[in-house]
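This briefing concerns the surroundings of a ligand and the aromatic rings of a protein. Please examine the structure below before reading the points that follow.

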Amino acid sequence: MQSDSFKKIISHAKEYGFIFPSSEIYEGLSAVYDYGQNGVALKNNIREYWWKSMVQLHENIVGLDAAIFMHPTTWKASGHVDAFNDPLIDNKDSKKRYRADVLIEDYVAKIEAKISKEVFKASKRFGESFNKEQFLSTDQRVAALQSKANNILKRMAKSLENEDLADVKALIEDLEIACPESGSRNWTDVKQFNLMFGTKLGASADTAMNLFLRPETAQGIFVNFLNVQKSGRMRLPFGIAQTGKAFRNEIVARQFIFRMREFEQMEMQFFIPPGTQKEWYEYWKEKRLKWHYNLGLGVDNYRFHDHEKLAHYADAATDIEFQFPFGFKELEGIHSRTNFDLSNHEKYARKKLQYFDPVKNENYVPYVVETSIGLDRMFLAIFSKALTEETIQDGSKRTLLKIPPVLAPTKLAIFPLVKKDGLPEIAKRIVKDLKWDFTIAYDEKDAVGRRYRRQDALGTPYCVTIDHQTLEDETITIRDRDSMTQDRVPIKSLTRFLQTKLSLSELLKKL
Ligand code: GAP
């Protein structure tokens with residue numbers, strides 16, 4: 001069930017040209033979405049923030065754009081053919097299909113919500129003297145809830161690790177988890193389901209080659225490791241960054257763009273000498289969290305969640321979780337992938353994928369620490385936190401998108417107060433001067449108040465109005481989206497003002 005606030009997010013995204021259901025005229029396609037005119041701009045800006053923070057700011061990280069189609073053996077070597085599965089379970093009454101692990105995790109999330117409620121109540125009771133850590137470790141009820149949650153997650157991790165699907169079902173039964181749709185506990189057995197989409201390459205049926213659409217962009221990086229290392233004369237440690245589409249036949253694809261069947265990843269593989277993975281893993285955890293904090297969405301909205309069940313390639317893994325409208329969920333993964341991928345590609349391709357270390361004077365297969373974030377999830381994180389409803393001084397309501405100004409699809413809207421007296425000409429001249437550096441909207445329709453509202457709903461951080469005083473002294477008013485304050489400034493100071501407020505370089509410098 002979607003909460004009202006989440007429904008508002010989805011309808012706002014559609015109404016204001018951010019996200020549309022795919023092929024909507026044919027009733028849409030489940031868990032596939034199109035980005036509209038404003039959505040694509042926001043998405044490009046997020047990608048640019050990520051790309052520059054990785055590639056431009058690190059001398060030892062370079063980019064790549066590998067093809068989506070890859071030789072099918074890639075996926076045998078990577079382990080995806082055998083192990084890229086989700087455990088699914090059906091409810092016999094509602095005929096709805098669920099991910100068994102998600103049902104259990106949702107159950108645990110409810111326990112965690114109870115803990116948060118207890119913490120909140122205690123903080124009110126104790127006031128300023130409240131010590132959260134102390135409360136969590138001494139309150140018996142909270143300790144019991146925490147231990148219950150931990151035990152459930154441990155048991156699930158162990159069962160999944162051992163492929164003991166009967167115990168996963170038993171756990172669902174022990175916890176008396178009911179189908180959210182039918183309310184019944186009439187479950188099928190748990191089965192594994194491979195998430196890769198298959199397709200064919202070639203024209204004739206007998207010679208066509210079975211391919212997979214890539215479920216992660218990372219493998220394009222691994223198979224090009226030596227190409228990049230040699231052609232770029234790269235020395236360890238170094239990274240390869242890539243953004244691009246990935247495809248997964250998700251069992252449960254609810255929650256809008258949180259879990260899609262076609263989505264975009266921004267991944268970076270950092271190649272390192274064996275034995276240094278712990279140190280680099282910690283380094284990238286800290287770096288990535290800082291990248292998130294830097295956007296100013298509120299540090300309380302992030303937390304790490306270490307994996308109990310490690311993916312088939314990892315020796316350590318954590319998620320950066322974000323507080324989405326439906327609770328804390330994975331936004332980004334940081335994985336210490338050992339030399340699993342490169343070693344397996346060596347084996348399957350029968351080609352050496354080794355690095356000659358001039359310091360150690362030896363050849364070895366590098367280890368890898370990966371950072372992997374979904375661009376669409378990042379979009380949802382920003383969009384969901386940005387959407388705000390406010391009652392303003394005159395008692396009316398306004399809806400605004402408090403997108404970090406640097407990422408806003410349109411940076412500036414320019415309005416002539418009226419459509420006459422030469423005001424539109426001045427406004428258009430300003431657009432012409434500034435459009436080289438900023439995305440600008442020009443609007444002369446309706447009263448200025450309504451034009452402000454339209455731009456607020458689109459997340460435009462600044463609106464400039466040209467009025468009759470402009471004719472006299474070449475000044476304009478600039479209005480701030482969040483505070484709604486208006487300042488009168490000379491036209492000639494506009495570029496400088498916008499450059500300071502909307503500079504991606506300034507944001508990057510804070511990293
Ligand atoms: N290369 C490692 C990897 O793919 P992952 O945890 O499976 O790891 C990384 O995915 C990130 O990709 C996730 O943290 C999430 O942001 C995003 N992601 C994964 N599946 C997704 C889906 N179905 N829809 C949208 N984003 C997804």
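Strand E13 gives the most to the shell around the ligand, with six residues; strands (E, at least two residues) and helices (H or I, at least four) are DSSP runs numbered from the N terminus. The model is predicted, so that local features need pLDDT of at least 70 and side-chain atom pairs count only at pLDDT 80 or more, while totals for chains, interfaces and linings use all residues. Residues are numbered from 1 along each chain as its sequence is written, and side-chain values use heavy atoms, with hydrogens and water left out.

**The shell around the ligand**

- The ligand is surrounded by 22 residues, and the closest are Glu216, Glu250, Met260, Glu267 and Glu330; a residue is near the ligand if one of its heavy atoms lies within 4 Å of it.
- At least two shell residues come from each of strand E10 (262-272), strand E13 (327-338) and strand E16 (367-374).
- The shell consists of seven nonpolar, five polar and 10 charged residues. Here Ala, Val, Leu, Ile, Met, Phe, Trp, Tyr, Cys and Pro count as nonpolar, Asp, Glu, Lys and Arg as charged, and the others, Gly among them, as polar.

**Contacts with the ligand**

- A polar side-chain atom of glutamate 267 lies 2.5 Å from a nitrogen atom of the ligand.
- A polar backbone atom of glycine 374 is 2.9 Å from an oxygen atom of the ligand.
- Of the 560 Å² that the ligand exposes when taken alone, the protein buries 94% (areas by the Shrake-Rupley method with a 1.4 Å probe).

**Aromatic rings**

- The count comes to 28 aromatic pairs; rings of Phe, Tyr and Trp (its six-membered ring) pair if their centres lie within 6.5 Å, and planes under 30 degrees apart count as stacked, over 60 as edge-to-face and the rest as tilted.
- Tryptophan 50 and tryptophan 51 form a tilted pair, 6.3 Å centre to centre with 45 degrees between the planes.
- Tyrosine 462 and phenylalanine 497 form an edge-to-face pair, with 5.2 Å between the centres and 80 degrees between the planes.
- Tyrosine 462 lies in strand E21 (residues 462-466) and phenylalanine 497 in helix H17 (residues 494-501), so this pair ties together parts that are 35 residues apart in sequence.

**Charges over rings**

- Arginine 377 lies over the face of phenylalanine 258, at 3.7 Å from the ring centre; the rule requires NZ of Lys or CZ of Arg within 6 Å of the ring centre and within 35 degrees of the ring normal.
- Arginine 288 lies over the face of tryptophan 291, at 4.2 Å from the ring centre.

Note on methods: Polar contact = N/O pair within 3.5 Å; in protein donor to acceptor, adjacent residues only side chain to side chain.
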